[in-house]
Amino acid sequence: MLLEDKIVAVTGASRGIGRATAIECARQGAHVALNVFKDPEAAEEVAQEIRTLGRKVVVFDGDVADTDNAPRFIEAAVAGLGGLDVFVSNAGVCPFHGFLDMPRETYERTVGVNMTGAYFMVQAAANQMVRQGRGGSVVAISSISALVGGEMQTHYTPTKAGVHSLMQSCAVALGKHGIRCNSVMPGTIATDINKDDLADPDKRRYMEGRIPLGRLGAPEDIAKIVVFLASDMAAYVTGAAVLADGGALANFQ
Ligand code: NAD
Ligand code: RM4
């Protein structure tokens with residue numbers, strides 16, 4: 001019970017890493033606010049699982065790229081659950097596309113969701129934590145892609161580097177309020193975001209072959225790290241990043 005009676009808010013919580021994180025936080029004793037976007041059935045499944053664990057849940061539907069939704073989500077979490085201790089900025093998209101003909105709207109949507117969305121969500125969460133005056137923990141889902149490039153990800157990898165950089169600057173800006181800010185850098189985790197990319201058997205074999213631990217990651221692998229960073233186990237950790245890639249980045253020769 002690393003998060004007993006803590007109040008956690010997670011963006012993009014209906015699927016993949018966000019879903020696993022919301023459920024693992026509830027397993028660890030937290031009440032959870034879910035930001036979801038046009039995914040009502042999946043959202044209700046996550047909410048039901050959290051209720052079954054005996055924890056409270058709030059569901060807020062809204063696009064993180066619409067920055068007005070940031071204070072609205074935090075207000076909904078506070079109204080329904082009574083405060084905010086942990087904020088997880090997870091919502092993200094990666095529409096795989098080459099560089100030379102990247103459509104401007106694909107670029108802008110990716111930056112709008114992954115970077116601008118994360119920025120204003122974290123800002124709204126931090127303001128709430130400062131108002132409460134009892135500190136808190138912010139965890140952003142960055143990526144191995146903050147550290148290395150991808151041919152079909154020229155719009156995406158800068159957002160993941162940006163999110164980690166945001167956590168470093170927020171760690172500096174918010175340390176005096178007792179708010180810790182860290183990022184997790186997942187390697188390749190099998191979720192909907194890369195289902196099409198990994199549907200190509202050659203690409204999947206190549207990606208798996210790069211991983212010393214011999215498998216793609218699962219959303220739960222990342223959820224456990226988020227819980228660690230959110231909890232008092234990481235009381236002296238801020239401005240840091242945890243790379244969780246099965247060893248892929250270290251594998252050069
Ligand atoms: P996913 O597609 O399974 O889940 C993404 C979630 O975000 C969904 O619940 C979706 O509804 C939600 N979402 C999408 N756009 C949204 C928006 N505009 N507003 C609110 N919610 C929105 O993908 P995932 O792999 O779980 O991705 C979650 C995060 O993890 C992303 O930030 C992604 O960049 C990051 N990440 C994923 C991997 C991976 O290999 N899967 C690796 C590194 C980092
Ligand atoms: C990650 C990483 C993975 C990719 C996902 C979409 O950051 O690049 O390999 O599958 O994004």
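Biologist: Which residues of helix 5 are buried?

Modeller: In this predicted model, the buried residues of helix 5 are T157, T159, K160, G162, V163, H164, L166, M167, C170, A171 and L174. What covers them includes helix 4 (104–132), strand 5 (136–141), strand 6 (179–186) and strand 7 (241–244). In general, an α-helix has 3.6 residues a turn, so residues three or four places apart point the same way.

Biologist: How do you know that the span of helix 5 agrees with its 18 residues?

Modeller: Helix 5 covers residues 157–174, and at 1.5 Å a residue it should span 26 Å. Its end C-alpha atoms are 25 Å apart, which agrees with that expectation.

Biologist: Why is H31 called buried?

Modeller: A residue is called buried under 20% relative accessible area. H31 has a relative accessible area of 11%, and is therefore buried. H31 is placed in strand 2 (residues 31–36).

Biologist: What is in contact with H31, leaving aside its neighbours within four places in sequence?

Modeller: With those neighbours left aside, H31 is in contact with D5, K6, I7, V8, R55, K56 and L81. As to K56, the side chain of H31 reaches its backbone nitrogen at 2.9 Å. The limit for a polar contact is 3.5 Å, and the pair formed by H31 and K56 stands at 2.9 Å.

Biologist: What is to be said of the phi of D5?

Modeller: The phi of D5 is near 60°, a positive value in a residue other than glycine. D5 is placed in the segment before strand 1 (7–10). K38 also has a positive phi, of about 50°, although it is not a glycine. As a rule, most residues other than glycine have a negative phi.

Biologist: Why is K38 called exposed?

Modeller: The word exposed requires a relative accessible area over 50%. K38 has 66%, and is therefore exposed. K38 lies in the loop between strand 2 and helix 2 (40–52).

Biologist: Which residues come nearest to ligand 1?

Modeller: Of the 29 residues around ligand 1, those that come nearest are I17, N90, Y156, I189 and T191. Helix 1 (16–27) and helix 4 each supply at least two residues of this shell. By class, the shell has eleven nonpolar, 13 polar and five charged residues.

Biologist: What surrounds ligand 2?

Modeller: Ligand 2 is surrounded by C94, F96, S143, S145, Q153, Y156, G187, T188, I193, N194 and M207. This shell divides into five nonpolar, six polar and no charged residues.

Biologist: Where are the side-chain N or O atoms that lie 2.3 Å, 3.0 Å and 2.8 Å from an oxygen atom of ligand 2?

Modeller: The value of 2.3 Å belongs to the side chain of S143, that of 3.0 Å to Q153, and that of 2.8 Å to Y156. Ligand 2 taken alone exposes 290 Å², and the protein buries 92% of that.

Definitions and conventions: Residues are numbered from 1 along each chain as its sequence is written. Chains are lettered from A and ligands numbered from 1 in the order in which they are written. This is a predicted model: local features need pLDDT of at least 70, side-chain atom pairs count only at pLDDT 80 or more; totals for chains, interfaces and linings use all residues. Side-chain values use heavy atoms; hydrogens and water are left out. Helices (H or I, at least four residues) and strands (E, at least two) are DSSP runs, numbered from the N terminus. The expected span of a helix is 1.5 Å times one less than its number of residues. Buried means under 20% relative accessible area, exposed over 50%, partly exposed in between (1.4 Å probe, protein chains only). Contact means heavy atoms within 4.5 Å. A residue is near a molecule or strand if one of its heavy atoms lies within 4 Å of it. Ala, Val, Leu, Ile, Met, Phe, Trp, Tyr, Cys and Pro count as nonpolar, Asp, Glu, Lys and Arg as charged, and the others, Gly among them, as polar. A polar contact is a pair of N or O atoms within 3.5 Å; within protein, one must be able to donate a hydrogen and the other to accept it, and residues adjacent in sequence count only if both atoms are side-chain atoms. Accessible areas come from the Shrake-Rupley method with a 1.4 Å probe; for residues, only the protein chains shown count as cover.
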